[in-house]
Each structure stands twice: as C-alpha cells, then as structure tokens.
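Please open the structure in your viewer and keep the selection tool at hand.

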Amino acid sequence: MINPAGGIVYHTRALRYRNTLWRAFREETHQWLSEWNPAEQDLLIVGSSGGYCLQPDFLSRFRSITALDPDPLTRFILRKRFARSFEWDREDYFFSKRGHLSPVGIEKMVRRYPSHAILFSNFLGQLRCLDNLLDKPERFADWKVTFRECLERAGSWASFHDRLSGNLEPLISASNSSSSDLVTDSGLVDRFYPSSTRASGTQTHELLDHLTGDLFPGFARRFLKWELTPGRFHLIEAVHSNGSAQQLGKKLSAESASREVSSLG
Ligand SMILES: C[S@@+](CC[C@H](N)C(=O)[O-])C[C@H]1O[C@@H](n2cnc3c(N)ncnc32)[C@H](O)[C@@H]1O
C-alpha cells in the first residue's frame, strides 16, 4: 500500500487534485490516447493505480482489461471508478525478489500477453525511484536493451512517462509539443524551460532526470505538463505504436488456432 511510485500518498493526491490541478493533464492524456488505435481487443495496463489519468470511454474500447499494480487498494478503486470488471495479474514483471530491476520479467510479460495492447500508464518514469537506478546505470541500460527488443515482438503499445520533474514549469504550446523522434535532456531544457524562467528570482531550480529519454528511439512523441502538487511539475513524454499488421496477423492466427484446439478438446 506504500511504495515510492504510488500507494496511499498517490491516492490522496489524486482525490485532492484530479479535478483541479490535474484536469488539464488528464484531458490532454485522453486526447492523446484517442489517437492511439490498437487493433487488439484486450488491454494490459502496467501501473494502473486507480486509473486516475484514464477516462471511461477509453477503457470501453476494450473487451477485457488486465491491470498490473502491486498496490492492493487499486483493485477496489478501479472497480468503483469505472464500474466494470478488471482482471488482475499479481506477478511482478519488473523487479526481482531482491527488489532489483530485472530484464527477465519483461520478456515473460510480453510472451504472456501476445494478444493484448499494452499501456505503460505513467509507470516507466518511476523505475528509477523504485530501484535507485542512478547508482546502477548499467543495470538500467541492460534492462532498456531487453525492453526495446521485447517491444519489437509485442503488438500495439503506448506509454506516457516522466522525463523531467521539479519546481520549474515547462512551457509547452501547440508549436513545440511534438517531436518525430527522441529529444535529449538538453534539447528538452532548451525547448521547454526558457533561460529567463531558469534564472528567475532567488529560488534554486533543479530538474530530476527520470532516465527515460532513450526508451523509444524512432517513434514520434508528444510532451505534456503535469502539475502533480502545487508548484511541482512533471514533463511527461507520450509515445505510442499501433504494432505492425504482420505482428497482429501472427497473433490473430495463433489465437484462432488455440480456439480450434480447445474446441476440439
Ligand atoms: C505514478 S503511479 C501510476 C498512475 C496511474 N496510471 C494513474 O492513472 O493515475 C505508478 C504506479 O505504478 C505502480 N507500481 C509500482 N511497482 C510496480 C510494478 N512492479 N509493476 C506494476 N506496477 C507497479 C505503483 O503502485 C503506482 O500505482
């Protein structure tokens, strides 16, 4: 119920701010998700929490939804908020029993859900806090290699995740919110944090790097602002892929073959 990426503190903030401080971010996230058109009918949400950033009409596009989140409260909250059923998978696909980020799980997750679209729901930016990855850059680098390979084999996927956070407000507008590929951290600073705001007043400005800048090379992306608590801003990066027709064709024929086998049995 208490973890650095969620738990009671997060639920309390969501209750307090979801219709005020978080409203614009939730609406922009919904708009971006409406542009994601996975052909899969089933959805896997990684880091679902109470689905505070998701809207009912997005979820209603899917026949079944499986949620992954170790926080037991999320089960109750999701059901109550969306009045629909969710399936739960209790396995941890990210961390070993000793709490270290491990590439073994992500391979297993992608193999276990070949017919689901996968939504990493404001989760990947939390990995660095969950395993203090700044001290172990090579562990995160190895994990990212496996992660990218797994996504190549997966169908449709989407992720919105933290890139930078701190007390400095990113200035995002229609003209600078999109990019056709990776944007480096220094590119983000130049784009969204003008030097006049960086230098303003007597306040010290520090931005936390969530180490997610190199997760999705080759994909277009959108940037969004999320004011998590008053004066604490997260620069969120949102990336999606509709999978390839070839991957989907393989999945659908595997599904229909397994249906035929089970109807024979
Ligand atoms: C920032 S919150 C997600 C926000 C949420 N998607 C929303 O719509 O408000 C990150 C979530 O990741 C969950 N989490 C932590 N470790 C996890 C793991 N190993 N696998 C899946 N989810 C995990 C946390 O419990 C937390 O609910």
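Select Ile-45 and then Leu-119, its bridge partner in strand β5. The model in view is a predicted one, in which local features need pLDDT of at least 70 and side-chain atom pairs count only at pLDDT 80 or more, while totals for chains, interfaces and linings use all residues. Residue numbers start from 1 along each chain as its sequence is written.

Next, select residues 116-121, strand β5, together with strand β2: they pair in the parallel sense over five bridges. Strands here are DSSP runs (E, at least two residues), and helices are runs of H or I with at least four, both numbered from the N terminus. Two strands pair if DSSP finds at least two bridges between them.

Why is β2 largely enclosed by the rest of the structure? Four of its five residues, 42-46, are buried (20 or more other C-beta atoms within 10 Å of a residue's own, with C-beta atoms placed from the backbone).

Move on to residues 221-229, strand β9, and residues 232-241, strand β10, an antiparallel pair with seven bridges. Thr-229 faces Arg-232 of β10. The two strands form a hairpin with two residues between them, and Gly-231 in the turn has a positive phi of about 85°.

Finally, select residues 178-179, strand β7, which pairs with β9 in the antiparallel sense over two bridges; there, Arg-222 of β9 is the bridge partner of Ser-178.

Notes:
Buried ≥ 20, exposed ≤ 12 C-beta atoms within 10 Å, placed from the backbone.
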